[in-house]
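The sequence and the structure are shown first, and the description follows.

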Amino acid sequence: MDVTRNTIRERERAIFMAIKEEIFSRIKEGGLVAVVRAENTEQAFKIAEACIAGGVVGLEITFTVPGAAELIKDLVKKYQSSGSLIIGAGTVLDPETARAAILAGAQYIVSPCLNVETVKLCNRYQVPCMPGAMTVKEAVECMEAGADIVKIFPGELFGPAIIKAIKGPLPQVNMMPTGGVSLDNVSDWIKAGAVAVGVGGSLTAGAKTGDYESITSIARQFMEKIRVARAK
């Protein structure tokens, strides 16, 4: 009986690990995570649709949005079965919030800084976790805690040069800059070694005026610049 239970547990663990690896791979393959700070559910859905039309796969709903967990649940209900979006939670500061996000259906967790207990919880449930860092020391601490990707935040303080600098002593680290990433510099971030970029206002600003077509257009431009930068 114990052997059977152990076999079942191992199979279940393998399934969860495979799902985690697929999410991780799709984020890296897409190269762009849209950071959404929507005013309401309707706006969030329109941003999601505009991002999909622009080729974006990763959507990050920040917990600065009122009712973020319910919003994630609604988005997951509509989009997860089709596989058109990978929906994550951002601005997650503690394991309690991470658990709420995961229960709502979030497929990955993003934090502005490292909270070890949050990373532990994500690893317990095989959910990709991306804590923030600004220095080599902080990047190492994120890796030691079990982070899948280290979020370089706020990216505008150092620019793409920080990716190359950290890659010197830590060539194995996966980094995703957020903050200050624009159409003008996204190629530099990718060429410096970023596996993906997180983009907020410079992508979704059109939502404030109802111009969702601009989001689709800008998303396409981001995706093309990422593709070209990776090809060089």
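In helix α4, the residues P95, T97, A98, A101, I102 and A104 are buried. The model is a predicted one. The cover over the buried residues of α4 includes α3 (68-79), β3, β4 (109-110) and α5. After α4 comes G105, whose phi is positive, near 115 degrees.

**Backbone features**

T91 has a phi of about 55 degrees and lies in the loop that runs between β3 (86-90) and α4 (95-104). With a relative accessibility of 23%, T91 counts as partly exposed. Q126 likewise has a positive phi of about 55 degrees, and its place is the loop between α5 (116-124) and β5 (129-130). Q126 is buried, because its relative accessible area of 19% falls under the 20% cut-off.

A cis peptide bond joins F153 to P154, with omega near -10 degrees. P154 belongs to the loop between β7 (150-152) and α7 (161-167). One of the residues in contact with P154 is G179, which also touches G155, E156 and G198, when residues up to four places away in sequence are not counted. G179 itself is found in the loop between β8 (175-177) and α8 (186-192). The relative accessible area of G179 is 18%, so this glycine is buried. G179 and I152 stand 27 residues apart in sequence, and their C-alpha atoms are 8.5 Å apart in space.

**Strand β8**

M176 has its place in strand β8 and is buried, at 0% relative accessibility. Leaving out residues up to four places away in sequence, M176 touches V33, M130, I149, V150, K151, I152, A196, V197 and G198. M176 and I87 are 89 residues apart along the chain, and 16 Å separates their C-alpha atoms.

**Accessibility of selected residues**

The table gathers the relative accessibility of residues discussed in this report.

| Residue | Relative accessibility | Class |
|---|---|---|
| T91 | 23% | partly exposed |
| Q126 | 19% | buried |
| G179 | 18% | buried |
| C129 | 1% | buried |
| C142 | 0% | buried |
| M176 | 0% | buried |

In soluble globular proteins, nonpolar side chains tend to be buried together. The largest nonpolar core of this model holds 66 residues, of which L59, L75, I109, V197 and L203 touch the most other members. Helix α10 gives the largest share of this core, 8 residues. The contacts of L59 are with A34, V36, A48, C51, L75, L85, I86, I87, G88 and Y108, residues up to four places away in sequence not being counted.

**Packing of α2 and α10**

Two packed helices are described by the angle between their axes and the distance between the axes. For helix α2 (residues 41-53) and helix α10 (residues 212-231), the angle is about 35 degrees and the axes are 8 Å apart. The crossing of these two helices is right-handed. On the side of α2, the contact is made by Q43, K46, I47, A50, C51 and A53, and on the side of α10 by Y212, I215, T216 and R220. The residues of this contact comprise 6 nonpolar, 2 polar and 2 charged.

**Cysteines**

C129 is buried, with a relative accessible area of 1%.

C142 counts as buried because its relative accessibility is 0%.

Notes:
Residues are numbered from 1 along each chain as its sequence is written. This is a predicted model: local features need pLDDT of at least 70, side-chain atom pairs count only at pLDDT 80 or more; totals for chains, interfaces and linings use all residues. Side-chain values use heavy atoms; hydrogens and water are left out. Axes are lines fitted to C-alpha atoms, for helices over the stretch in contact, and angles run from 0 to 180 degrees between N-to-C directions. Helices (H or I, at least four residues) and strands (E, at least two) are DSSP runs, numbered from the N terminus. A crossing is left-handed if the near helix is turned anticlockwise from the far one by less than a right angle, and right-handed if clockwise. Contact means heavy atoms within 4.5 Å. Ala, Val, Leu, Ile, Met, Phe, Trp, Tyr, Cys and Pro count as nonpolar, Asp, Glu, Lys and Arg as charged, and the others, Gly among them, as polar. A nonpolar core is a set of buried Ala, Val, Leu, Ile, Met, Phe, Trp, Tyr and Cys residues joined through side-chain atoms within 4.5 Å. Buried means under 20% relative accessible area, exposed over 50%, partly exposed in between (1.4 Å probe, protein chains only).
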